[in-house]
Amino acid sequence: MRPLRYSINVTLDGCCHHEAGLAPDQESMRYWTAEMEGADALLFGRVTYEMMESAWRKPDTGAWPDWMGEWQVPFAEAIDRTKKYVVSSTLDGVDWNAELVRGDLAQMVQRLKQEPGEGLFVGGVTLPLALADLGLIDEYVFLVQPVLAGHGPTLLSGLRERIQLQLMDRRQLQSGVVALRYQPTRATA
């Protein structure tokens with residue numbers, strides 16, 4: 001069974017708006033590129049899918065946009081080629097190597113987890129909250145930014161029950177960002 005990993009940038013005060021933390025640097029982009037290369041597929045809600053597509057989809061011209069630094073291209077290429085599943089009740093269709101999924105979220109994610117592979121990644125705010133409430137997230141990967149945002153959407157706001165986590169890995173980047181990897185501790189019978 002391949003694990004489902006929730007991966008996101010978060011500020012020290014829990015804000016997970018994509019513009020609240022530090023601007024990506026080469027080291028953090030290398031970190032996210034390695035994470036992306038370990039994903040067989042990505043799970044996105046509509047908002048995250050549209051945001052990521054607008055930033056990281058390779059243009060029809062075949063050339064990456066001028067704003068993108070050479071050090072960002074490996075991440076862009078990794079996310080561009082990765083299979084995507086989009087959970088949405090409002091979209092009529094998706095492309096960008098994506099499949100629109102509807103119906104019972106728990107059943108759909110369990111089916112995807114049963115497929116062979118290295119792992120599934122989920123990002124964003126709303127969809128991960130639903131998956132955490134269902135107990136479907138196997139790993140939490142946070143890049144904690146040394147910033148206090150003071151406002152914005154916060155990490156897993158509205159979680160129904162507390163989830164106890166065990167630290168599996170910690171890595172500090174030169175920027176002061178700390179990469180943390182946790183697994184939920186599961187109750188044993």
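View 1. W32 is buried, with a relative accessible area of 12%, where buried means under 20% relative accessible area, computed with a 1.4 Å probe on protein chains only. Y31 is buried as well, with a relative accessible area of 9%. The ring centres of Y31 and W32 lie 5.6 Å apart with the planes at 80°, so the pair is edge-to-face; rings of Phe, Tyr and Trp (its six-membered ring) pair if their centres lie within 6.5 Å, and planes over 60 degrees apart count as edge-to-face. The model is predicted, so that local features need pLDDT of at least 70 and side-chain atom pairs count only at pLDDT 80 or more, while totals for chains, interfaces and linings use all residues. Residues are numbered from 1 along each chain as its sequence is written, and side-chain values use heavy atoms, leaving out hydrogens and water.

**View 2. The pair of Y6 and Y140.** A search of the whole structure finds 8 aromatic pairs. One of them joins Y6 and Y140 edge-to-face, at 6.3 Å centre to centre and 75° between the planes. Because Y6 lies in strand β1 (residues 4-11) and Y140 in strand β6 (residues 139-145), the pair ties together parts that are 134 residues apart in sequence; strands are DSSP runs of E, at least two residues, numbered from the N terminus. Both Y6 and Y140 are buried, and together with F142 and Y182 they form one aromatic cluster.

**View 3. Lysines over aromatic rings.** K83 lies over the face of Y85, at 5.2 Å from the ring centre, and K84 lies over the face of W96, at 4.1 Å from the ring centre. For Lys this requires NZ within 6 Å of the ring centre and within 35 degrees of the ring normal.

Key:
Rings of Phe, Tyr and Trp (its six-membered ring) pair if their centres lie within 6.5 Å; planes under 30 degrees apart count as stacked, over 60 as edge-to-face and the rest as tilted. Helices (H or I, at least four residues) and strands (E, at least two) are DSSP runs, numbered from the N terminus. Buried means under 20% relative accessible area, exposed over 50%, partly exposed in between (1.4 Å probe, protein chains only).
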